[in-house]
Amino acid sequence: MASASASRTHGATARIRTATATLYEDNQSLISDIRRAVGAMKEIAVDLERDNQFERVKELENAVIELLGTHEDCSHFSSTIQSVGEKYQPGPQFTDFDQLFKNEVAMLKANSSSDPQNHPLMRQFREAVWNVHHAGEPMPGEEQEDIVMTSNQCNILNVTCPLSGKPITELQHPVRSVLCKHVYDKGSIMHYLRSKNTRCPVAACPKVLQADKVVCDPLLLVEIDELRAMKEQTVMTDVIEDFTELDEE
């Protein structure tokens with residue numbers, strides 16, 4: 001009897017983890033779509049700013065703020081899905097998963113101080129619009145150092161693959177560790193793991209890797225695109241500043 005009960009418990013736990021993994025991936029895909037939408041709205045806003053359609057730019061900015069609020073809610077839900085999948089253990093009582101999720105999300109929101117107005121994607125939107133007519137100039141109320149610090153915020157932890165040495169933005173098949181969030185070239189990290197190496201190759205990272213936990217998650221390609229766009233924007237700003245300095249001389 002005890003063996004049968006343990007088997008049922010193990011089976012229920014496995015099913016819950018499979019279900020939450022699928023739900024997490026679906027929710028991450030939604031977050032990815034939201035980020036792509038914000039990127040597209042930024043490009044439209046830049047075009048409108050060039051045409052001096054300032055009211056429509058403001059309307060787009062307000063829409064981005066609302067969309068980033070939804071992005072934040074989805075992020076909380078993703079964290080909740082992971083937490084439930086990792087911690088849930090069947091008990092003798094029926095589990096109200098709807099209430100369990102609601103309580104976890106409410107706790108995350110209560111402990112969060114994030115504001116869509118201060119989201120890095122909102123900062124990038126405003127900076128792109130500002131640079132149409134004021135490239136190389138600090139935005140109102142900011143110093144140049146503030147621009148550099150805020151504009152360079154990114155969810156990608158390492159900018160080059162520790163094995164191939166290639167920049168993350170140039171990888172054809174990037175993958176990311178679910179455990180430590182470091183990014184690698186897929187071919188390089190799989191060869192590394194097949195060679196019986198298990199520790200993350202990023203210096204000082206203590207995580208032990210598993211082949212099935214190194215994946216191209218739905219957000220990775222979007223974040224790489226954002227990193228690539230930030231680098232291009234930085235290069236453009238530097239070129240403009242160089243020309244400005246030449247004019248002053």
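Trainee: In which helix is His-76 found?
Mentor: His-76 is found in helix α2. Please keep in mind that the model is predicted.

Trainee: Is His-76 buried or exposed?
Mentor: His-76 has a relative accessible area of 10%. Buried means under 20%, so His-76 is buried.

Trainee: Which residues does His-76 touch, leaving out those up to four places away in sequence?
Mentor: His-76 touches Leu-108, Lys-109 and Ser-112. Leu-108 and Lys-109 are among the residues of α3 that make the contact with α2, and His-76 is one of those on the α2 side.

Trainee: At what angle do α2 and α3 pack?
Mentor: Helix α2, residues 54–87, and helix α3, residues 97–110, pack at about 125 degrees, and their axes are 9 Å apart. The two helices are therefore oblique to each other. The crossing of α2 past α3 is right-handed.

Trainee: Which residues make the contact?
Mentor: On the α2 side they are Asp-73, His-76, Phe-77, Ser-79, Thr-80, Ile-81, Ser-83 and Val-84. Helix α3 contributes Phe-97, Leu-100, Phe-101, Glu-104, Val-105, Leu-108 and Lys-109.

Trainee: And how do the residues of that contact divide into nonpolar, polar and charged?
Mentor: Eight residues in the contact of α2 with α3 are nonpolar, four are polar and three are charged.

Trainee: Let us turn to α4. How do α2 and α4 cross?
Mentor: Helix α4 covers residues 120–134, and its axis crosses that of α2 at roughly 165 degrees, the two coming within 10 Å. An angle over 145 degrees counts as roughly antiparallel, so α2 is roughly antiparallel to α4. The crossing of α2 and α4 is right-handed.

Trainee: Which residues are in contact there?
Mentor: From α2 there are Phe-54, Val-57, Leu-60, Glu-61, Val-64, Ile-65 and Leu-68, while α4 supplies Leu-121, Met-122, Phe-125, Arg-126, Val-129 and His-133. Of the residues in the contact of α2 with α4, 10 are nonpolar, one is polar and two are charged.

Trainee: What about α4 itself: how far does it reach from its first C-alpha to its last?
Mentor: Helix α4 has 15 residues and reaches 20 Å, close to the expected 21 Å. Its buried residues include Leu-121, Met-122, Phe-125, Val-129 and Trp-130. Just after α4 comes Gly-136, with a positive phi of about 85 degrees.

Trainee: Which residue other than glycine has a positive phi near 75 degrees?
Mentor: Lys-196 has that value. Lys-196 is found in the loop between α6 and β3, and at 74% relative accessibility it counts as exposed.

Trainee: Where does Asn-52 lie?
Mentor: Asn-52 lies in the loop between α1 and α2. Its phi is also positive, about 60 degrees, although Asn-52 is not a glycine. With a relative accessibility of 44%, Asn-52 counts as partly exposed.

Trainee: Back to α6. What covers its buried residues?
Mentor: The cover includes the strands β1, β2 and β3. The buried residues of α6 are Ser-188, Ile-189, Met-190, Tyr-192 and Leu-193.

Trainee: One last topic: how many residues separate Gln-82 and Ala-21 in sequence?
Mentor: They are 61 residues apart in sequence, and their C-alpha atoms are 7.6 Å apart in space. Gln-82 is found in helix α2 and is partly exposed, with a relative accessible area of 29%.

Key. Residues numbered from 1 in each chain as written. Predicted model: local features only at pLDDT ≥ 70, side-chain atom pairs only at ≥ 80, totals over all residues. Heavy atoms only, no water. Axes fitted to C-alpha atoms, helices over the stretch in contact; angles between N-to-C directions. Helix = DSSP H or I, 4+ residues; strand = E, 2+ residues; numbered from the N terminus. Parallel < 35°, antiparallel > 145°, perpendicular 65-115°, else oblique. Left-handed = near helix turned anticlockwise from the far one by under 90°. Contact = heavy atoms within 4.5 Å. Nonpolar A, V, L, I, M, F, W, Y, C, P; charged D, E, K, R; others polar. Expected span 1.5 Å × (residues − 1). Buried < 20%, exposed > 50% of the residue type's maximum accessible area, 1.4 Å probe, protein only.
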